[in-house]
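Dear colleague,

Please find the sequence and the structure below. A short account of what was found follows them.

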Number of protein chains: 2
Amino acid sequence: MTAVDPRVSINQGTVKYADLAEALRATAAAGVQAIGLWREPVQEVGLATAAAMLADSGLRFSTHCRSGFFTMPEGPARRASIDDNRVAIDEAATLAAAGAPGSQPVLVLVAGGLPDGSRDVIGARERVRDAIGELAPDAAAAGVQLAIEPLHPMYASDRCVVSTLGQALDIAADFDPAVVGVTVDTFHIWWDPDVIGAIERAGREGRIATYQVCDWKTPLPADVLLSRHYPGDGVIDFGPMTRAVVESGYDRDIEVEIFNADIWAKDTGTIVRETAESFAAAVSPHLDPVRA
Amino acid sequence: MTAVDPRVSINQGTVKYADLAEALRATAAAGVQAIGLWREPVQEVGLATAAAMLADSGLRFSTHCRSGFFTMPEGPARRASIDDNRVAIDEAATLAAAGAPGSQPVLVLVAGGLPDGSRDVIGARERVRDAIGELAPDAAAAGVQLAIEPLHPMYASDRCVVSTLGQALDIAADFDPAVVGVTVDTFHIWWDPDVIGAIERAGREGRIATYQVCDWKTPLPADVLLSRHYPGDGVIDFGPMTRAVVESGYDRDIEVEIFNADIWAKDTGTIVRETAESFAAAVSPHLDPVRA
């Protein structure tokens, strides 16, 4: 049995069918020290209860997933989204305060795709910047760092018009790094010819809010949202990206976030154990320059 | 009935189930003036026969599709690939000479994915550059322009490690633009935040060997290779990219290349007519700055 890396964190999306209690229990039972939570299971029990459960678990809180989805033009739907993002900021602050020392008040933002019937990707991207401008003061007041997540370009039209780490950094550039950072997720950016340069830039600019790992493998499943794999099960070389993140000074927890129907079908304890083992094998060797 | 744009070209991949004779006949019958051919149906009848058939059709030849697939390490498989690419260069030269005046000796190159069992995308990309270095003298001698095609990043691991137009231009930069250019295909690059800048750069550097159009729509089909649509049926705004191509001075034919099981199931004449109509509606208005 491999030792559990002290920095691995289970993103709750990896154990999709576990409720909050089960996710916390299985994560702690496996010897994993941190967890990233999703809004829906938190809201299912209510924020105050979720915070108390997290505190009881003894786990660190690594990120809150996820908010954003603000590419629509001005109007009631946009106002509802901005308001909901403010709720998410409060959730992230409350949960980070309830987690064990070392918890991070990070809120992951997925921009959203093209509004229905629109072909204006440039306009959609401008509205992402506008939304972050609206939310930044709230995040700053709550002590929360927003983490703009570039998603793989195959999701550009229907899920996230932010497609590269460089583009996320360009959006973040208008804001204080303590308030607006980026999500570095290997699955979404491994293919980018400029990925190492972009990670180094993110490090220089103090913007790596969270580092997330999972693997890419083809053929893609029919639902391309579910094409994420355990580290080591696909074609991503975790060495260069992980070393670039480490050398940037990033010292937070590292989440494994997997959407995969075959993995979700397993029992929660098995998923957590396999996640920790795959991380130890494929990612841990690159965390310590001496070990690598 | 819309007039057929004089610059639209039917890529033979759009009429996958037509043999060469039928593809030529249906394209000319619809009033389309140009065609891009695929190697397999050309080889089915033999190059000399194919060239004679093309000459008889009176059509211009816009590109030869496709060669490449040279990411593997040195060894017999790599030698076989390089040799086969030399055959493809000769095919492109012969076909362009047989086509009507205005034909273009352009050979589209798809790099290939990661070799089996490899996670070394950086090495694979270096081998693409090496292969083009080997082939460039043959292309120059044959008067053929190689057209490096960046494919959408969802194909980066299994089909093409060249994922952005900027990356293709970086590879091409070592070579004479008359010998090594790039393929600008809306489907593959529309999502790129730098797409317009990259097209402008391609124009400045004289590298736009071929401009190809089709549309992007979600959900993606189970086989993501078959997710290409008629211009206008998806979310791509053809205005900005097409105007950037036109303003670069590109004056060649513009291919519509679609892989789509529902479209392939139609009869060849219908596909050609619908392709020409969709081009006239979605692309032609952006070709003439006065009309746009």
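Is Asp84(A) buried, exposed or partly exposed? Asp84(A) is partly exposed, with a relative accessible area of 35%. Please keep in mind that this is a predicted model.

**Salt bridges**

The side chain of Asp84(A) meets that of Arg39(A) in a salt bridge, with 2.8 Å from N to O. This pair links distant parts of the chain, for Asp84(A) belongs to helix H4 and Arg39(A) to helix H2 (residues 39-45) of chain A, 45 residues apart. Buried residues are those under 20% relative accessible area. Arg39(A), with a value of 5%, is therefore buried. A network of salt bridges links Arg39(A), Asp84(A) and Glu91(A).

A second pair in chain A is Asp174(A) and Arg129(A), which form a salt bridge with their closest N and O atoms 2.9 Å apart. Distant parts of the chain are linked here as well: Asp174(A) is in the loop between H6 and S6 of chain A, whereas Arg129(A) is in helix H5 (residues 121-142) of chain A, 45 residues apart. Asp174(A) counts as exposed, because its relative accessibility is 52% and exposed means over 50%. Arg129(A) is partly exposed, with a relative accessible area of 32%.

In chain B, the side chains of Asp170(B) and Arg201(B) meet in a salt bridge of 2.9 Å, N to O. Asp170(B) is part of helix H6 (residues 165-172) and Arg201(B) is part of helix H8 (residues 195-204) of chain B, so the pair ties together parts that are 31 residues apart in sequence. Asp170(B) counts as partly exposed, at 42% relative accessibility. Over all chains, a search of the whole structure finds 28 salt bridges.

Which residues is Asn85(A) in contact with, leaving aside its neighbours within four places in sequence? They are Ser67(A), Gly68(A), Phe70(A), Leu107(A), Leu109(A) and Leu135(A).

**The buried side of helix H8**

In chain A, helix H8 (residues 195-204) has Val195(A), Ala198(A), Ile199(A), Ala202(A) and Gly203(A) buried. These residues cover an arc of only 140° around the axis, which puts them on the same side of H8(A). The elements of chain A that cover the buried residues of H8(A) include helix H6 (165-172), strand S6 (180-185), helix H7 (186-189), strand S7 (208-213) and helix H9 (238-247). Just after H8(A), Gly206(A) has a positive phi of about 70°.

**Details of the backbone**

Two peptide bonds in chain A may be looked up in the structure. The bond from Cys65(A) to Arg66(A) is cis, with omega near -15°, and Arg66(A) has its place in strand S3 (residues 60-68) of chain A. The bond from Thr218(A) to Pro219(A) is cis too, with omega near 0°. Pro219(A) is found in the loop between strand S8 (215-216) and strand S9 (228-229) of chain A.

Phe69(A) has a phi near 55°, a positive value in a residue other than glycine. Phe69(A) is in the loop between S3 and H4 of chain A, and at 29% relative accessibility it counts as partly exposed. In chain B, Phe69(B) likewise has a positive phi near 55°. Phe69(B) is in the loop between strand S3 (60-68) and helix H4 (76-98) of chain B, and is partly exposed, with a relative accessible area of 29%.

**How the chains meet**

Chain A is superposed on chain B by a rotation of 180° with 0.0 Å of shift along its axis (RMSD 0.0 Å). That is the relation of a two-fold axis. Which residue of chain A comes closest to the rotation axis? It is Ala222(A), at 2.1 Å (C-alpha).

In the interface, 28 residues of chain A are in contact with 28 residues of chain B. Of the interface residues of chain A, 100% are also interface residues in chain B, so the copies meet through the same surface. The area buried between the two chains is about 2,300 Å², and carbon and sulfur atoms give 64% of that area. Between chain A and chain B there are zero salt bridges, while 12 residue pairs are in polar contact.

Yours sincerely

Note on methods
Residues numbered from 1 in each chain as written. Chains lettered and ligands numbered in written order. Predicted model: local features only at pLDDT ≥ 70, side-chain atom pairs only at ≥ 80, totals over all residues. Heavy atoms only, no water. Contact = heavy atoms within 4.5 Å. Least-squares fit on C-alpha atoms with pLDDT ≥ 70 in both. Buried < 20%, exposed > 50% of the residue type's maximum accessible area, 1.4 Å probe, protein only. Helix = DSSP H or I, 4+ residues; strand = E, 2+ residues; numbered from the N terminus. Arc of directions from axis to C-beta. Buried area = accessible area lost by both parts, 1.4 Å probe. Salt bridge = Lys/Arg side-chain N within 4 Å of Asp/Glu carboxyl O. Polar contact = N/O pair within 3.5 Å; in protein donor to acceptor, adjacent residues only side chain to side chain.
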